[in-house]
Amino acid sequence: MTIKLVEPKATAAGDRRRGERRLEFAHAWDYAPAPEAVDHVKILPRYELFIDGKWQAPEKGRYFDTLSPSTEQKLSEVAEASAEDVDRAVRAARHAYDRVWSRMKPLERGKYIFRIARIIQERSRELCIVESLDGGKPIKESRDFDVPTAAAHFFYYAGWADKLGYAFGGRPVSALGVAGQIIPWNFPLLMAAWKIAPALACGNTVVLKPAETTPLSAMFLAEIIQEAELPDGVVNIVTGAGATGAALVAHPDVNKVAFTGSTDVGKRIQKALAGTGKKLTLELGGKAANIVFADAPLDQAVDGIVNGIFFNQGHVCCAGSRLLLEESVHDLVIRKLRDRMATLRVGDPLDKNTDIGAINSRMQLEKIKELCAAGEAEGAERWSPPCELPAKGFFFAPTVFTGVAQSHRIAREEIFGPVLSVLTFRTEAEAVEKANNTFYGLSAGVWSNKGARLFKMATQLEAGVVWGNTYNKFDPSSPFGGYKESGFGREGGRQGLAAYLHVD
Ligand code: NAI
Ligand code: MG
């Protein structure tokens with residue numbers, strides 16, 4: 001490794017941007033990659049369906065590839081479950097519910113869930129690599145966030161299993177039966193944990209459908225479930241795309257559907273379930289406002305803005321994708337933000353220093369590009385730091401748009417990529433009005449030195465989660481969910497139990 005330190009050029013012009021100066025430092029070193037070792041991870045060339053505790057071939061014999069979005073190389077192929085396969089999985093779940101799981105003492109159920117949590121911890125080094133390979137997220141995120149938070153959800157809900165009678169003021173509760181759960185590709189293992197852990201704790205059995213671009217961590221989770229000796233059929237995992245999901249939603253013997261994904265599909269599911277009596281929770285898109293007041297600790301706010309939108313390539317339903325800046329600090333914050341963005345490292349998800357990994361799929365990359373082109377066409381000013389993107393794979397440079405109007409598509413539509421749209425405000429009332437001017441309502445962030453202002457804003461913002469002087473903080477004990485077109489129902493915390501129980 002050679003290390004070259006070059007003197008930063010003198011900044012003769014007093015008005016030179018700080019961002020540019022920093023950039024020279026960033027380029028002063030030859031970068032030495034720090035790739036995570038992957039040789040201890042065994043990904044099989046093919047995965048079958050996980051039904052009734054066993055790996056079962058799909059009836060139609062169809063399989064599809066899952067790629068690594070950072071190299072475009074095939075990692076493995078997984079079974080495509082047909083409606084008949086889904087039916088087999090639901091029947092296994094029903095059988096397990098009737099014969100075993102609903103009859104088991106809650107304390108015993110809890111022990112199984114604890115066991116899953118512990119094995120996730122034991123196998124965390126494999127899981128984070130699989131997650132980063134299959135989905136493209138930086139290893140430091142899958143290692144420090146996705147996998148530990150997934151384990152934390154199993155630990156948390158394991159503790160509830162024998163205390164359900166106390167969860168709702170002593171009101172009697174009972175399980176629903178079979179839960180059909182459909183999850184997206186942005187947090188594959190974590191979303192599986194969010195769905196499976198409370199369902200099991202409440203005494204339900206599960207059929208889970210992972211997203212088609214990121215099925216592998218669910219295949220590892222199936223191995224973990226076998227290792228934990230969970231009774232056969234309590235958790236079944238069927239891979240496939242939209243048609244598999246639709247078959248699960250439509251199955252007459254499913255008592256509850258839990259879905260996380262796009263608002264479009266969420267609406268379709270809601271229509272399909274109307275009048276069936278099946279219980280439903282939907283966690284859909286977002287267009288969160290991250291609101292920075294002039295009295296905020298601005299350097300911290302800049303880090304929060306960066307974390308809010310560039311975390312996981314912006315593939316986050318609660319991403320702080322609209323930055324609302326108090327007009328008096330707009331120029332200063334944008335300068336600091338560009339400065340910080342210039343230090344972000346885009347590239348190999350398995351490099352421990354990578355901040356922004358690969359976009360999950362070519363389709364998602366095209367969507368991001370299309371919306372950015374619309375942003376420029378509608379008159380917003382686009383900026384990205386100079387950064388070399390890898391030649392292969394799906395990558396997108398962190399991007400900020402200033403001069404954005406509320407009517408622009410980039411201010412209204414979910415981009416689901418590392419793209420920030422900046423708007424301004426002058427008063428608290430204007431900030432609230434602009435923040436709430438969206439069909440969505442999943443989350444928001446407020447940055448201010450005044451505690452009273454944080455609380456006041458939190459009551460006025462139509463968002464399921466409002467973060468104060470922080471962003472993207474998660475804990476299994478905190479409920480999460482949306483308003484308006486962001487969906488309904490809560491996941492996490494005591495509230496998350498309600499989605500999987502009849503409460504008398
Ligand atoms: P999607 O909603 O199509 O996919 C989510 C899950 O639903 C996947 O498992 C998929 O196979 C399944 N699915 C698709 N069609 C279905 C149907 N008719 N019935 C039942 N299940 C079905 O999302 P997609 O197309 O991958 O992403 C499109 C956009 O959705 C993204 O650009 C982003 O804006 C948003 N999105 C939001 C997420 C969130 O966390 N709220 C997660 C993923 C995407
Ligand atoms: Mg993949």
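Modeller: In this predicted model, the axes of helix 3 (residues 106-122) and helix 6 (residues 188-201) come within 9 Å and cross at roughly 160°; axes here are lines fitted to C-alpha atoms, for helices over the stretch in contact, with angles running from 0 to 180 degrees between N-to-C directions.

Biologist: Why are helix 3 and helix 6 called roughly antiparallel to each other?

Modeller: Angles under 35 degrees count as roughly parallel, over 145 as roughly antiparallel, 65 to 115 as roughly perpendicular and the rest as oblique. The crossing is at roughly 160°, and helix 3 and helix 6 are therefore roughly antiparallel. Arg109, Ile113 and Ile116 of helix 3 make the contact with Ala197, Leu200 and Ala201 of helix 6, where contact means heavy atoms within 4.5 Å. Divided by class, these residues are five nonpolar, no polar and one charged, with Ala, Val, Leu, Ile, Met, Phe, Trp, Tyr, Cys and Pro counted as nonpolar, Asp, Glu, Lys and Arg as charged, and the others, Gly among them, as polar.

Biologist: What makes helix 4 oblique to helix 5?

Modeller: The axes of helix 4 (residues 124-135) and helix 5 (residues 139-160) come within 9 Å and cross at roughly 125°, and that makes helix 4 oblique to helix 5. On the helix 4 side the contact has Ser124, Leu127, Cys128, Ile129, Glu131 and Ser132, which meet Ile139, Ser142, Arg143 and Val147 in helix 5. By class, five of the residues in this contact are nonpolar, three polar and two charged.

Biologist: Why is helix 2 called oblique to helix 8?

Modeller: Helix 2 (residues 83-101) and helix 8 (residues 242-250) have axes that come within 9 Å and cross at roughly 45°, which makes helix 2 oblique to helix 8. Ala83, Val86 and Val90 of helix 2 make the contact with Thr244, Ala247 and Leu248 of helix 8, and the classes here are five nonpolar, one polar and no charged residues.

Biologist: Which protein atoms are the donors of the magnesium ion (ligand 2), and what makes them donors?

Modeller: Donors are N, O and S atoms within 2.8 Å of the metal (3.2 Å for Na, K and Ca), and water is not among the atoms, so sites may look incomplete. Thr66 (OG1), Leu67 (O), Asp134 (O), Asp134 (OD) and Thr213 (O) lie 2.2 to 2.5 Å from the magnesium ion (ligand 2) and are its protein donors. Along the chain the donors follow the spacing T-L-x66-D-x78-T. Distant parts of the chain are linked in this way, since leucine 67 is in strand 4 (residues 63-68) and threonine 213 is in the loop between strand 8 (205-209) and helix 7 (216-227), 146 residues apart.

Biologist: Which residues is glutamate 223 in contact with, leaving aside its neighbours within four places in sequence?

Modeller: Glutamate 223, which has its place in helix 7, is in contact with Tyr47, Trp55 and Arg123. Its C-alpha atom is separated by 42 Å from that of leucine 323, 100 residues apart along the chain.

Biologist: What pLDDT does the protein chain average, and what share of the residues score at least 70?

Modeller: The average is 95, and 94% of the residues score at least 70, pLDDT being the predictor's confidence in each residue, from 0 to 100. Over residues 1-8 pLDDT stays under 50, and the model has eleven contacts beyond four places in sequence for them. Residues 10-22 likewise stay under 50, with nine such contacts.

Biologist: What conventions apply to numbering and to the values?

Modeller: Residues are numbered from 1 along each chain as its sequence is written, while chains are lettered from A and ligands numbered from 1 in the order in which they are written. Local features need pLDDT of at least 70 and side-chain atom pairs count only at pLDDT 80 or more, whereas totals for chains, interfaces and linings use all residues, and side-chain values use heavy atoms, with hydrogens and water left out.

Conventions:
Helix = DSSP H or I, 4+ residues; strand = E, 2+ residues; numbered from the N terminus.
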